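Let's walk through this model together, from the overall layout down to single side chains. Keep the sequence and the 3D view side by side as you read.

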Amino acid sequence: MSEMSIEKVALGILADAVDRTVGTGFVHAAITRAASTLESTDVSQADRAFRMLNPRECKKVRDTAIENAELYRDFGDYSDPIDELSPDPRLKDIRAKSAKLGSG
């Protein structure tokens, strides 16, 4: 694995950990952009954004990132198993009306 692909995987794992712990916001967006471009300016912006998290959030992100990295190490490319489940047709009406899960 090349150094650039290792950095891309590491940033991807970090972005996923941020998403799962503190949510999608400017920190997640900055890290995701850095993972996709690997340009030094984007990586620098991601670093600055990540440093804006408070110590409690940093610990949660770190713990989740370590867990995700262990999964990656043990099983290769990982995905969220919930994403692979097909939606329950009985809940279609609920999903359609949910502001969080659907279009609202």
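Predicted model: local features only at pLDDT ≥ 70, side-chain atom pairs only at ≥ 80, totals over all residues.

A residue is called buried here when its relative accessible area is under 20%, exposed when it is over 50%, and partly exposed in between, using a 1.4 Å probe and protein chains only. Residues are numbered from 1 along each chain as its sequence is written, and side-chain values use heavy atoms, with hydrogens and water left out.

Let's start with the overall layout. The protein has 5 helices and 0 strands, where helices (H or I, at least four residues) and strands (E, at least two) are DSSP runs numbered from the N terminus. Read from the N terminus on, the elements run α-α-α-α-α. Contacts, meaning heavy atoms within 4.5 Å, also tell us something about the fold: of those with a separation of 6 or more, 48% are between residues 24 or more positions apart.

Now to the packing of the helices. Two packed helices are described by the angle between their axes and the distance between the axes. The axes are lines fitted to C-alpha atoms, for helices over the stretch in contact, and the angles run from 0 to 180 degrees between N-to-C directions.

Take helix 1 (residues 3-21) and helix 4 (residues 55-75), which pack at an angle of about 130 degrees with their axes 8 Å apart. Helix 1 and helix 4 are therefore oblique to each other; angles under 35 degrees count as roughly parallel, over 145 as roughly antiparallel, 65 to 115 as roughly perpendicular and the rest as oblique. The crossing of helix 1 and helix 4 is right-handed; a crossing has this hand if the near helix is turned clockwise from the far one by less than a right angle, and is left-handed if anticlockwise. Helix 1 contributes Val9, Ile13, Leu14, Asp16, Ala17, Val18, Arg20 and Thr21 to the contact, and helix 4 contributes Lys60, Val61, Thr64, Ala65, Asn68, Ala69 and Tyr72. By class, the residues of this contact of helix 1 with helix 4 divide into 9 nonpolar, 3 polar and 3 charged. For these classes, Ala, Val, Leu, Ile, Met, Phe, Trp, Tyr, Cys and Pro count as nonpolar, Asp, Glu, Lys and Arg as charged, and the others, Gly among them, as polar.

Ala65 sits in helix 4 and is buried at 15% relative accessibility. Leaving aside its neighbours within four places in sequence, Ala65 is in contact with Ile13 and Ala17. Ala65 and Leu14 are 51 residues apart in sequence, yet 5.6 Å apart in space, C-alpha to C-alpha.

Next, turn to helix 2 and helix 3. Their axes are 8 Å apart and they pack at an angle of about 155 degrees, which makes helix 2 roughly antiparallel to helix 3. The crossing of helix 2 and helix 3 is left-handed. In helix 2, Phe26, Val27, Ala30, Ile31, Arg33, Ala34 and Thr37 meet Asp42, Val43, Gln45, Ala46, Ala49 and Phe50 in helix 3. That contact of helix 2 with helix 3 has 9 nonpolar, 2 polar and 2 charged residues.

What lies in the loop between helix 2 (26-37) and helix 3 (40-50)? Leu38 is found there, and Leu38 is buried at 17% relative accessibility. Most residues other than glycine have a negative phi. Leu38 has a positive phi of about 60 degrees although it is not a glycine.

Finally, look for salt bridges, each a side-chain nitrogen of Lys or Arg within 4 Å of a carboxyl oxygen of Asp or Glu. The count comes to 5 salt bridges. In one of them, Asp42 pairs with Arg33, with the closest N and O atoms 3.1 Å apart; Asp42 is buried at 5% relative accessibility, whereas Arg33 is partly exposed at 49%. Asp47 and Arg51 also meet in a salt bridge, at 3.0 Å from N to O. Here Asp47 is partly exposed at 36% and Arg51 is exposed at 64%. Another salt bridge links Asp63 and Arg62, at 3.1 Å from N to O. Salt bridges that share partners join Lys59, Arg62 and Asp63 into one network.
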